[in-house]
Amino acid sequence: MLSGRRLDLLDPSPMDIEIEDIAHGLARVARWNGQTVGEHPFSVAQHSLVVEEIVAHVQPDIEPRWRLAALLHDAPEYVVGDMISPFKAALGLDYRTFEGRLETAIHVRFGLPARSPPAVERAIKAADRACAYFEAVALAGFSEAEALELFGAPPAGFHANVEPMTPAIAQARYVHRFELLSEAAGFTSTAQAFDTE
């Protein structure tokens, strides 16, 4: 990693994970395999920021630590990239186990439980699908009808800003959001953590 850390992919240690490496990698991993409109690809870092925002929109009283879990929901992709769901399924259980180990190490590194509670996981998954709806329509050439069929309707009253930004900006915003949510999850009063991008 650019931080100098050496991450054992088969047995990842939380001590070898740095948020700067995650943000750097995610800001350079393209959603939709880069098959989107715009001068820049829409990155996994940007996607993660929107997913966290959707979770907060749907559940305004959710604890900051679960908002942090939402921000980190695709963090393993800083190492493995963003593979489309059908390809992950084709790879089978070994891939899911591998990704799960990395996610556990990331959670432990940043003070979260190894696994989020099922209700939180469902909320993050729903927000992930809602974000995919916005991305599909705005960036990937899907009609609204196609996106509705594949991803379901997004939450009422929420509109996502999915205009692609440069990797440097996406990386900086990801790190900033991580810092705010981490502070809030540490039970320090941080009013800014409840703002949205």
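**Notebook: salt bridges, core and rings**

I started with Asp128, which is buried at a relative accessible area of 16% (buried is under 20%, exposed over 50%, partly exposed in between; 1.4 Å probe, protein chains only). Before going on, I noted that this is a predicted model, where local features need pLDDT of at least 70, side-chain atom pairs count only at pLDDT 80 or more, and totals for chains, interfaces and linings use all residues. Numbering runs from 1 along each chain as its sequence is written, and side-chain values use heavy atoms, with hydrogens and water left out.

**Salt bridges**

Asp128 pairs with Lys125 in a salt bridge at 3.9 Å, N to O (side-chain nitrogen of Lys or Arg within 4 Å of a carboxyl oxygen of Asp or Glu). Lys125 is partly exposed at 46%.

I searched the whole structure and got nine salt bridges. One of them joins Glu52 and Arg67 at 2.6 Å, N to O. Glu52 is in α2 and Arg67 in α3, so this pair ties together parts 15 residues apart in sequence. Glu52 is buried at 2% relative accessibility, and Arg67 is buried too, at 3%.

Next I looked up Arg115 and Glu103, whose side chains meet at 2.8 Å, N to O. Arg115 is in the loop between α6 and α7 and Glu103 in helix α6, 12 residues apart. Arg115 is partly exposed at 45%, while Glu103 counts as buried at 19%. I also found Arg5, Glu18 and Arg109 linked in a salt-bridge network.

**Core**

The largest nonpolar core has 51 residues, and Leu72 and Phe110 are among those with the most contacts inside it (a core is a set of buried Ala, Val, Leu, Ile, Met, Phe, Trp, Tyr and Cys joined through side-chain atoms within 4.5 Å). Which helix gives the most to this core? It's α7, with 10 residues. Leaving aside neighbours within four places in sequence, I listed contacts of Leu72, including Ile106, Phe110 and Tyr174 (contact is heavy atoms within 4.5 Å).

**Rings**

I count six aromatic pairs (ring centres within 6.5 Å, using the six-membered ring of Trp; planes under 30 degrees apart are stacked, over 60 edge-to-face, the rest tilted). Tyr133 and Phe134 have centres 5.5 Å apart and planes at 80 degrees, so they are edge-to-face. Both are buried. Trp32, Phe142 and Phe151 form one aromatic cluster.

Conventions: Helix = DSSP H or I, 4+ residues; strand = E, 2+ residues; numbered from the N terminus.
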